[in-house]
Amino acid sequence: MTAGSKKSLWQRVRRELSANRYVYLMALPVVIYYIIFCYAPMYGAQIAFKRFDVAKGIMGSDWVGLRYFAEFINGPYFFRLMRNTLLISFYELIFAFPAPILLALLLNELRSEKFKRTVQTIIYLPHFISIVIICGMIHDFVSRDGVITDLLVLLGMERTNLLGDPAFFRSVYIISGIWQGVGWGTIIYLSALTGIDPQQYEAAIVDGANRFHQIWYITLPGIAPTITTMFILQLGKVMSVGFEKIILLYNPNTYEVADVISTYVYRMGLSEGTQFSATTAIGLFSSAINFLLILTANQVTRKLSHTSLW
Amino acid sequence: MMKKHTGQSLAAILLTAMLAASAAGCASEPSESQSSASSAGTSSGSSVSSGASAESLPEGQLTAEPVTLTYWVSLDNNAAASISSYSENKVYQKMEEITNVKIDFLHPTIGQETEQFNLMIASRDLPDLIEYGWVGYDGGPEKAISDGIIIKLNDLIDEYAPDAKALMESSDVVAKQSKTDNGSYYAFMAVGESNGNTQSGPFLRIDWLEDLGMEEPATLEEWTAVLERFKEEKGASIPFTGDANTFISNDTICGVFGVGSQFYQEDGVVKYGPLEPEYREYLAFVKDWYDRGLLDPDFASNDSNTIAANMTNGKSGFMIGFAGGAMGTYLNAMSGEDYDLKAIEYPKMLDGSDPMFHHRAWEVRTSGSLAITTVNEYPELSAQWANYFYTEEGGLLKNFGIEGESYILNEDGDPELTDLIEHNPDGLSRQQALAVWSRGSTPSPGPVIKLQDANPRVAETVDIWNRYSVNAAEVLIPPITQTPEEADELSSMITNINSYHEEMVIKFIMGQESLDNYDNFVEQLKSYGVERVIELKQAALDRYNAR
Amino acid sequence: MAIKRSVSGRIFDSANVIFMLLMIFVTLYPFWHVLAASFSDSGLLLRHTGALFWPEGFSLSAYEHVLQNQRIFTGYLNTIFVVVAGTALNVLMTSLGAYVLSRKKFAMRRVLTIAIVFTMYFSGGMIPRYIVINNYLHLGNSLWALILPGLVSTWNLIVMRTAFFGVPESIEESARLDGANDFVILFRVILPTIMSTVAVIILFYAVGHWNAWFDAALFLRKKEKYPLQLVLREILILSSTESMTNDVDFVDKEAIGESIKYATIIVTTLPVICIYPFLQKYFVKGVMIGAVKG
């Protein structure tokens with residue numbers, strides 16, 4: 001981009017096109033896909049600023065400006081919904097995010113290849129079981145006479161129904177999430193681990209490094225780019241805590257700690273009328289925050305570790 | 001070597017798949033175009049139907065040339081257990097034989113009916129006929145007509161569907177519920193003829209009650225006495241079980257105090273239960289049960305499985321629930337054991353008068369109404385076709401299936417189900433068999449006749465729970481429709497009000513919020529706009545009453 | 001390596017093995033619970049609360065019932081088609097996209113990346129998407145509606161691109177000197193070196209297709225077209241008794257047997273579990289090829 005080498009725009013375009021002609025050819029189907037299935041429907045986002053009327057369609061409905069955004073933000077539950085959504089995401093980042101990394105590291109240290117493979121196969125299983133069934137089991141286990149409650153009573157807790165008690169809801173939610181997802185989550189890290197050159201370990205052993213040194217100085221740096229990428233992607237989901245599992249676990253007594261944006265939107269859909277406009281507005285609001293977060297995270301990690309999404 | 005192989009075979013697989021994709025992509029195109037391609041031309045179908053009245057056609061046949069209509073309806077859960085489309089249902093097979101009209105059924109996924117319906121409307125990719133709870137259409141059925149989704153049926157019904165008209169005008173109540181505020185007919189309705197309007201209510205362990213030598217409790221005071229003795233003498237640790245809805249949205253107990261759990265009417269005036277002082281007494285009453293251990297302390301988090309377990313393993317012996325879905329299920333599971341359940345009447349009001357607040361369906365069921373869409377090329381024929389269900393033979397066909405196979409007429413001329421339904425050889429339950437042989441298992445266009453259940457305990461609920469259900473018409477809010485503007489204004493308020501109400505009711509009962517703060521609760525509800533909601537509902541109710 | 005094992009290393013190894021056994025128990029339990037419940041007697045199961053370690057009573061009737069259900073089999077066929085065709089196209093498209101986005105000399109790279117990441121967060125919502133797929137592409141009621149709209153998962157695209165960055169540039173440069181164009185470099189040079197990532201991507205897409213039901217619920221109107229998960233989901237919904245609410249028009253529903261829903265889960269999940277160890281072997285091989293090359 002120095003002033004001396006400045007050529008005409010057309011020349012630069014031609015050179016780029018000819019040097020990367022196959023790359024453009026390869027990009028074509030992918031770009032077409034994104035245009036048709038992702039960008040073309042985006043005109044629909046305008047119903048967040050309109051009062052959607054089936055008869056008039058998305059384009060023809062009347063503009064109402066920021067009305068639905070204002071209703072949500074000024075609504076009585078705004079603060080609580082934001083707090084619960086952010087807290088649950090935050091706990092997930094702290095507890096659920098590192099869990100598969102740790103498990104992958106431990107799996108990697110197993111000596112027997114056969115045992116390792118068996119463990120791997122088994123810990124993937126919960127991923128395949130429907131959330132409805134998983135939640136049914138959670139209900140059973142943490143009820144007044146459930147196994148987990150029994151265990152906690154042995155440790156000195158007062159007997160209660162854990163799902164009925166606001167104090168335990170988030171713990172039950174996060175821990176059961178780890179229980180179901182930790183095995184499946186290791187896949188990506190185990191795959192990254194195979195990319196590490198075995199010679200590095202041999203050299204380290206010759207230098208007298210013990211197991212913990214090897215993990216700290218070779219394994220972790222080896223999968224650091226994957227961890228960073230996953231972390232950025234996870235940060236971009238902070239506002240979108242899913243509703244299905246919470247709906248199956250919460251009750252009016254735990255709304256105080258369990259009600260998140262997506263469950264609120266779900267309940268809105270169930271009450272009078274079909275609130276496409278209001279729900280789109282809330283969705284847009286969440287997305288904007290998510291997108292801001294991922295932009296920031298990307299800038300920060302690019303400065304710190306030279307790994308970034310773009 | 002190995003590397004090269006993998007790379008090549010991967011590329012080959014991908015290429016083949018790509019080719020397959022493009023080929024099949026083209027092939028799949030024409031599949032759905034049939035219904036959407038047909039353009040307006042609502043009057044052009046008359047030639048076909050005028051042919052129907054001509055002498056040349058055999059009796060009942062509506063058209064000389066076979067006609068196919070597309071029909072969107074959710075497949076009843078009971079039917080879904082054994083068939084995947086109503087085209088396998090005997091009623092429609094018979095109908096095709098008689099009328100020469102073939103129905104091509106489109107079924108939404110169970111549990112996603114609303115999404116699919118909304119998408120169908122928004123995309124305007126309409127079938128010829130839609131069976132749906134049109135009262136729930138955003139802005140009401142009148143809006144569905146003005147939106148150009150369905151057609152107004154008044155003229156068609158007058159001319160082509162005399163039997164449907166007769167049934168839908170058979171009484172004042174039915175006539176009101178069959179029309180919009182402007183007097184338009186918009187669909188062929190499911191009309192409940194007999195007393196099957198209440199299908200849920202209180203029931204208890206009658207074997208325990210008899211052991212204790214007690215009478216069936218008729219007042220809440222007597223309910224409490226029964227619960228106390230269940231707890232003390234029958235070892236029921238939590239004698240009364242239920243879920244959050246039992247106390248949030250069910251009127252059975254709070255109705256005793258003279259108020260509805262949410263919106264209700266008193267002499268044509270809309271009210272909201274929690275705003276009335278009696279509602280506080282109701283909460284104090286339930287809280288007392290809770291404090292004394294008569295009520296399941298975990299009711300707020302119970303799901304249907306927990307309730308089922310409590311009722312069958314001796315922890316509980318008293319609840320409010322459905323005849324078949326709850327009581328029938330438990331009785332089946334415990335058959336052959338020392339266990340019996342019996343429905344009891346809704347409790348008397350505090351002053352000893354007959355119960356008013358009932359859990360009940362309306363004479364005209366709000367679900368299962370059949371509308372003709374604007375793309376339908378044969379509206380007259382469709383009306384004639386639907387009319388058949390309102391004739392005597394059609395009503396029998398629809399409710400009981402085929403004579404001599406799924407039902408017979410006894411000496412009195414009343415239908416009786418055969419063993420094909422009652423003891424199905426393929427192991428289907430009665431409801432499931434009924435759903436294959438008839439449309440009698442859920443509300444559908446035509447008369448809805450509720451049959452006696454085979455289980456005597458379940459069968460008698462019809463009499464016990466319906467004894468006072470007619471009173472409920474005075475207090476419950478009928479299926480009113482809000483205008484689009486009203487609905488839009490309501491929607492933002494109602495979610496907040498409902499959430500807050502649910503939460504606070506539970507907190508008051510469980511003592512996490514003192515009833516001394518009840519006034520704050522009322523104030524808060526008002527700040528969420530509950531009074532405006534009452535106004536809007538009142539306007540809709542007034543329009544309804546003026547129909 | 002064995003010579004060097006220290007005492008602390010051995011303690012660590014044993015603790016690790018014990019921990020893994022615990023993991024096996026804890027994560028295997030839900031599956032065991034489902035298995036035990038599926039062989040239980042429906043009536044006894046209804047009464048049961050708490051953990052299940054052994055069937056309540058013993059009955060095969062749930063399996064008889066489930067295996068009679070024709071839709072389980074059509075569901076299998078539909079799902080297999082979607083998994084095979086869908087995954088093949090997914091991997092092709094994702095490889096192309098990831099390759100493009102990993103070209104450091106490609107002028108459009110940053111713009112495209114941001115434009116693609118943008119779609120993870122902003123969409124037009126359900127209705128316009130439905131209108132595009134149903135009204136304009138006429139994919140309604142077709143299995144292609146379950147494949148084409150999800151051809152590229154941006155998440156997987158980014159994962160794959162991260163792996164592409166890890167491939168040493170020297171490999172690519174030597175191939176280019178031999179006259180290879182970008183297609184050859186992608187399919188013959190780069191993909192084989194990151195087979196472990198490709199395997200993961202295949203697994204993610206395949207399992208994604210296997211578990212997916214929402215699009216099927218939106219687009220399919222004939223039950224013969226349903227994939228397995230949608231059949232399973234309907235059965236799960238059918239087996240739950242509705243709790244009593246204050247709807248104006250409520251319908252009493254008869255629940256199907258408790259054990260049937262568990263049997264359905266076993267019938268729909270077991271094949272994956274049986275196939276997986278074989279796939280895993282293949283994946284491990286792929287990984288080794290990658291390692292040798294790297």
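Predicted model: local features only at pLDDT ≥ 70, side-chain atom pairs only at ≥ 80, totals over all residues.
How many aromatic pairs does the structure hold over all chains? The count is 73. Let me show you two of them.

Please turn to chain B, where Tyr500(B) and Tyr528(B) make an edge-to-face pair, with 5.3 Å from centre to centre and 80° between the planes. This pair links distant parts of the chain, 28 residues apart. Tyr500(B) belongs to helix H25, residues 484-510 of chain B, while Tyr528(B) is in the loop between helix H26 (518-527) and helix H27 (530-545). Are these two tyrosines, Tyr500(B) and Tyr528(B), buried or exposed? Both of them are buried.

Next, back to chain C. Tyr130(C) and Phe219(C) are stacked, with 5.3 Å between centres and 5° between the planes. Tyr130(C) comes from helix H6 (residues 126-136) and Phe219(C) from helix H11 (residues 214-219), so the pair ties together parts of chain C that are 89 residues apart in sequence. What about burial? Tyr130(C) has a relative accessible area of 4%, so it is buried. Phe219(C) has 1% relative accessibility and therefore counts as buried too.

Chain B also has a cluster of residues linked by ring pairs. Among its members are Trp223(B), Phe240(B), Phe247(B), Tyr279(B), Trp289(B) and Phe318(B).

Let me finish by stepping back to look at chain A as a whole. This chain has 16 helices and two strands. Its radius of gyration is 25 Å, well over the 19 Å that the globule rule gives for 310 residues, so chain A is more spread out than a compact globule. If you follow the C-alpha trace along its principal axes, chain A spans about 80 × 75 × 30 Å.

How much of chain A is buried? Buried residues account for 52% of its 310 residues. As for contacts between residues at least 6 apart in the sequence of chain A, 62% join residues at least 24 apart.

Key. Residues numbered from 1 in each chain as written. Chains lettered and ligands numbered in written order. Heavy atoms only, no water. Phe/Tyr/Trp six-rings, centres within 6.5 Å; stacked < 30°, edge-to-face > 60°. Helix = DSSP H or I, 4+ residues; strand = E, 2+ residues; numbered from the N terminus. Buried < 20%, exposed > 50% of the residue type's maximum accessible area, 1.4 Å probe, protein only. Rg over C-alpha atoms; globule rule 2.2 N^0.38 Å. Contact = heavy atoms within 4.5 Å.
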